[in-house]
Each structure stands twice: as C-alpha cells, then as structure tokens.
Amino acid sequence: MSALFNFQSLLSVILLLICTCAYLRSMFPSIIDRKKTGLLGTFWKLARIGERKSPWVGAACLLMAFTVLFWS
C-alpha cells in the first residue's frame with residue numbers, strides 16, 4: 001500500500017523528512033536556504049520545524065519507532 005493511503009506510513013515519511021532536512025541544514029546550510037522557492041523552500045520549512053520543535057519531533061520519532069517495531 002502506498003504511503004499516501006496509509007496514515008502511519010504518511011506520518012513516518014513526514015517525520016523522516018523533518019529529521020533529514022534539519023540534519024542536512026545543520027551540515028550544509030547553503031543547500032537549504034530560506035530564500036529558495038518551490039521544493040527547496042518546503043525543505044527549509046521542514047528543517048525549521050525540526051530545529052524549533054526538536055524535543056517534540058524527537059518524541060514523535062521515538063513513538064513512531066515503537067509503534068513500527070512492536071505494534072504493526
């Protein structure tokens with residue numbers, strides 16, 4: 001089943017995008033810049049969410065890992 005039709009998979013993809021964008025922005029700040037438009041601008045917004053809400057994103061990642069490993 002596609003990640004678009006399965007809510008748990010969609011949440012996993014979104015969390016992975018947030019974490020990946022925040023990591024890439026910390027390593028290579030020129031790649032994900034706030035002045036970009038389109039898809040790279042969306043990546044900047046995801047990186048900003050990962051930077052500012054990092055305790056909540058981390059808790060969501062742990063919860064998602066627990067549900068993927070033990071629930072499904």
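The protein contains three helices and zero strands, where helices (H or I, at least four residues) and strands (E, at least two) are DSSP runs numbered from the N terminus. Read from the N terminus on, the order of elements is α-α-α. This is a predicted model, in which local features need pLDDT of at least 70 and side-chain atom pairs count only at pLDDT 80 or more, while totals for chains, interfaces and linings use all residues. Residues are numbered from 1 along each chain as its sequence is written, and side-chain values use heavy atoms, with hydrogens and water left out.

Taken along the principal axes, the C-alpha atoms fill a box of roughly 40 × 25 × 15 Å. The protein has 72 residues, and 21% of them count as buried; buried means under 20% relative accessible area, exposed means over 50%, and partly exposed lies in between (1.4 Å probe, protein chains only). The accessible surface comes to about 5700 Å², and carbon and sulfur atoms hold 72% of that area. Accessible areas come from the Shrake-Rupley method with a 1.4 Å probe, and for residues only the protein chains shown count as cover. Of the contacts with a separation of 6 or more, 57% are accounted for by residues 24 or more positions apart, a contact being heavy atoms within 4.5 Å.

Two residues show how the ends of the chain are placed. Thr-67 is found in helix 3, which covers residues 54-71. Ser-12 has its place in helix 1 and is in contact with Met-64 and Val-68, leaving aside neighbours within four places in sequence. Ser-12 counts as buried because its relative accessibility is 19%.

The charged side chains come next. The count of salt bridges is two, a salt bridge being a side-chain nitrogen of Lys or Arg within 4 Å of a carboxyl oxygen of Asp or Glu. In one of them, the side chains of Arg-25 and Glu-51 meet at 3.4 Å, N to O. Arg-25 lies in helix 1 and Glu-51 in helix 2, so this pair ties together parts that are 26 residues apart in sequence. The two side chains also make a polar contact at 3.4 Å. A polar contact is a pair of N or O atoms within 3.5 Å; within protein, one must be able to donate a hydrogen and the other to accept it, and residues adjacent in sequence count only if both atoms are side-chain atoms. Residues up to four places away in sequence not counted, Arg-25 touches Ile-32, Trp-44, Ala-47, Arg-48 and Glu-51.

Glu-51 also meets Arg-48 in a salt bridge, again side chain to side chain (3.4 Å, N to O). Both residues lie in helix 2, three residues apart, which is about one turn of the helix. Through shared partners, the salt bridges join Arg-25, Arg-48 and Glu-51 into one network. Glu-51 is partly exposed at a relative accessible area of 33%, and Arg-48 is partly exposed at 25%.

On the surface, Tyr-23, Leu-24, Met-27, Phe-28 and Ile-31 form a nonpolar patch with about 500 Å² of accessible area together. Patches are made of residues with over 30% relative accessible area and no salt bridge; like charges are joined within 9 Å, and nonpolar side chains (Val, Leu, Ile, Met, Phe, Trp, Tyr) within 5 Å.

The cysteines remain. A disulfide is a covalent bond between the sulfur atoms of two cysteines. Here it is assigned to a pair of cysteine sulfur atoms within 2.5 Å, and the count by this rule is zero. Cys-21 is in no disulfide, and the nearest cysteine sulfur, that of Cys-19, is 9.5 Å away. With 5% relative accessibility, Cys-21 counts as buried. The sulfur of Cys-61 has its closest cysteine sulfur in Cys-19, at 3.3 Å, which is too far for a bond. Cys-61 is partly exposed, its relative accessible area being 25%.
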